[in-house]
Structure formats: structure tokens, C-alpha cells
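Please look through the model below, and then follow this briefing on a pocket and on a pair of packed helices.

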Amino acid sequence: MNITNNFLQMKIPSRSQNEGFARAAASAFAAQLDPTVEEINDIKAAVSEAVTNCIVHGYPDSIGVIDITAKIINTDTFYIRIKDKGTGIADIKQAMLPLFTTCAEGERAGLGFAVMESFMDKLRVTSKPGKGTTVAMSKRVKSRDV
């Protein structure tokens, strides 16, 4: 049974300067699990990619709202959901392929979802064109015996 021990909710404008804030807030929240430096860096990288996707792809021509919910589940799992109400993704399977990008050639590497998937234990992406995208990720923080 999953028990939520603590949670964080915030909404931020989809401005590029808020990507660093979202990354820092998520990692500060995750710190209560006493993660290793590697685990906290994994969380930072995944959150950074998800928020950047909202900014660049979700709201390419406007400023919208990014809704972030983080949870501590049981005593060892960091969960985060990053959601926008932007353009959405027509083909999620294609979008998740490494090197796929909808940006002009050379502008983006197309590795955002691959990075998220490699750094987190679970990744789920849902989207509807014109309605937005939700990225839900979790990472179990390994217990450190002292």
C-alpha cells in the first residue's frame, strides 16, 4: 500500500528562468529522503527536462502555467507530476524516441524523455493535442545503512 507522507504543490509560469527554480524546489523537497548526491542529481536532471519540455514545446508561443506536484510515498520514493495545458503531443511513442524533436534542426537534441527515463525508475507520459501533457515520474531512494 502506498502512503503519501508529504507533498508539495506549486504552479509556475512557463518562463525559462523558472526551470532552475523548479529543479531546486524538487530537489530540496526530495532531500528529506536523504538521497545520495547521484540520486539528487538524477532527480534534478529529470525535473529540468520535464519543465523545459513544458516551456519549449507546451507553450512555444505564449506563457502558460506549469503545475507541479511532488510526493514522498511510503518512506523511500520520490514522485513528481509535471503538467501543462499547452499544445500536447500527437504521437507519444514517436516523441519518446531518442533524437526525435519537433524543433528546427540543430535547435534541440530530442533527448528529453530519454534522459527522464534513464534517471528515474518510472516514467509515464500522457497527452492530448491542444489539451496539454502530463509527465509523472518516480524514483526509489535507496536506503543507506550507516
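Strand E5 gives five residues, the largest share, to the lining of the second largest pocket; strands here are DSSP runs (E) of at least two residues and helices are runs (H or I) of at least four, numbered from the N terminus. This is a predicted model, in which local features need pLDDT of at least 70 and side-chain atom pairs count only at pLDDT 80 or more, while totals for chains, interfaces and linings use all residues. Residues are numbered from 1 along each chain as its sequence is written, and side-chain values use heavy atoms, with hydrogens and water left out.

**The second largest pocket**
- The second largest pocket holds about 230 Å³ of space (a pocket is an open set of points on a 1 Å grid where a 1.4 Å probe fits, with protein on both sides within 12 Å along at least five of seven lines, and lining residues have an atom within 4 Å of a point).
- Among the 14 lining residues, Ile73, Thr77, Tyr79, Lys122 and Ser138 are the closest to the centre of this pocket.
- Strands E3 (77–84), E4 (122–128) and E5 (132–140) are the elements that each give two or more residues to the lining.

**The packing of H2 and H4**
- Helix H2 (residues 37–58) packs against helix H4 (residues 112–119) at an angle of about 150 degrees, with their axes 9 Å apart.
- H2 is therefore roughly antiparallel to H4, a term for angles over 145 degrees.
- Where H2 meets H4, with heavy atoms within 4.5 Å, the residues include Ala46 and Glu49 in H2 and Phe113 and Met116 in H4.

How values were computed. Grid points are joined across faces, edges and corners, and a volume is the space filled by probe spheres set on the points. Axes are lines fitted to C-alpha atoms, for helices over the stretch in contact, and angles run from 0 to 180 degrees between N-to-C directions. Angles under 35 degrees count as roughly parallel, over 145 as roughly antiparallel, 65 to 115 as roughly perpendicular and the rest as oblique.
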